[in-house]
Amino acid sequence: MNVMKYVLIVFVLAGSVFASGEFATGGAELLKFKGYLISDLYIYGEEDADPDMGFDVVASMEWLPTLNEWLDAKIAFKAKPTNYEGEYEDLSLTTEDIVANLHFNESVTFTMGQFKRPFGYNYTRSGSSMYFLSRAVLTGGSEFKNFAKRDIGANLNLCFDMVSFDVAFTNGAGDNEPEDDSNKQFTIRGEIEPVDGITIAAAFGQHSMDDPDTTNTDTWSANGMDFYAVVEYPLGETSTLNFVGEYMILGQPAADDIDMNDASAYAFTLAPEFELDGTAIQAIRPAIRYESYSPAYAGSTDPENDYGAIDFCLNLDLYSGKNTLQIGGRNHTFQNDDTDGYTDMYLGWRMKF
């Protein structure tokens, strides 16, 4: 691990301790931090998995300096051990969000830097609030990455009462990736909250790429659409029903003479929450998620290579809402009869600060 990584880690730890994570001077909050740490024991269910089980740890931290009511910034990174041939030998430090925000007023915010494109709820949701140890498997699809994930560019957010819009113009190359062509990505998302606790949204993304054949200067493009609904419905004074449903159509750039079928994906999550009066366990959230991903393919014959997962997890909030014990697993499913499904299990501890 190089010297710069040590310097950055020491700086962040010092800032977190100093003044309980905040330091104000001249009306500005210069040292304000938040983040989370996740440590888990993971048991791999795939046949002949090597290793068949192991411990993992990851830490995510955000530095949130505020100059005044109009200007603030966010610098976020994630640290975890790097695995080399089955042994943890170094600390991998990955930059995530790096943005500057200009707030014209309470309704209009302009952002520039590296951020999550406004596409894909199962990816844009905060990692510290997830009902499961891992994000949905659909966030790892190659077509999904064309329209979602992080990217470098600018975003305009408009928020008016129950309606909000995001309009982003980005490189299209992805996070931590150098820009290698002149193709840029356009993404727009609209959200509406008709009543408290219910959000309905739709997003549109446009992705383009140059023909990989260097003798041809054609540019290929494709569109992606994302629809989702988020429900937090109170069942009583101490219980809430949480539901998330998402459906996506993801195009794949190709030449005009190729009959390309779009990828599609969906995910449904149900997670009731029960608050308790106990000192040790303050809330219980059992959760289940069902999802499926169908990759894009060329021609009229479906290769029958869909895959998906069923996630299940019991979340226990311990002592405060900042400590959560997660006991769960993921059952991997495959459409191809020659590929056997399997189930992974885990015990995780997430601490927010």
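A disulfide is a pair of cysteine sulfur atoms within 2.5 Å. Search the whole structure for one: there are zero. The model is predicted, so local features need pLDDT of at least 70 and side-chain atom pairs pLDDT 80 or more, while totals for chains, interfaces and linings use all residues. Residues are numbered from 1 along each chain as its sequence is written, and side-chain values use heavy atoms, without hydrogens or water.

Select Cys159. With 32% relative accessibility, Cys159 is partly exposed; that class lies between buried (under 20% relative accessible area) and exposed (over 50%), using a 1.4 Å probe and protein chains only. Cys313, at 5%, is buried.

Next, the nonpolar cores: buried Ala, Val, Leu, Ile, Met, Phe, Trp, Tyr and Cys residues joined through side-chain atoms within 4.5 Å. The largest has 16 residues; Phe119, Leu138, Phe144, Met248, Leu250 and Tyr293 touch the most other members. Strand 15 (263-275) is one of the elements supplying at least two residues, and its three are the largest share. Strands are DSSP E runs of at least two residues, numbered from the N terminus.

Centre on Phe144. Its contacts (heavy atoms within 4.5 Å) include Gly120, Tyr123, Thr139 and Lys149, leaving out residues up to four places away in sequence.

Now show the second, separate core. Its 11 residues include Tyr42, Ala271, Cys313 and Tyr346.

Finish with Met112, in strand 7. Met112 is partly exposed, at 48% relative accessibility. It belongs to a nonpolar surface patch that also includes Phe104, Phe110 and Tyr247.  Patch members have over 30% relative accessible area and no salt bridge, and nonpolar side chains (Val, Leu, Ile, Met, Phe, Trp, Tyr) are joined within 5 Å. A salt bridge puts a Lys or Arg side-chain nitrogen within 4 Å of an Asp or Glu carboxyl oxygen.

Terms used: Helix = DSSP H or I, 4+ residues; strand = E, 2+ residues; numbered from the N terminus. Patch = residues over 30% accessible without salt bridge, like charges linked within 9 Å, V, L, I, M, F, W, Y side chains within 5 Å. Areas by Shrake-Rupley, 256 points an atom, 1.4 Å probe, with all protein chains shown as cover.
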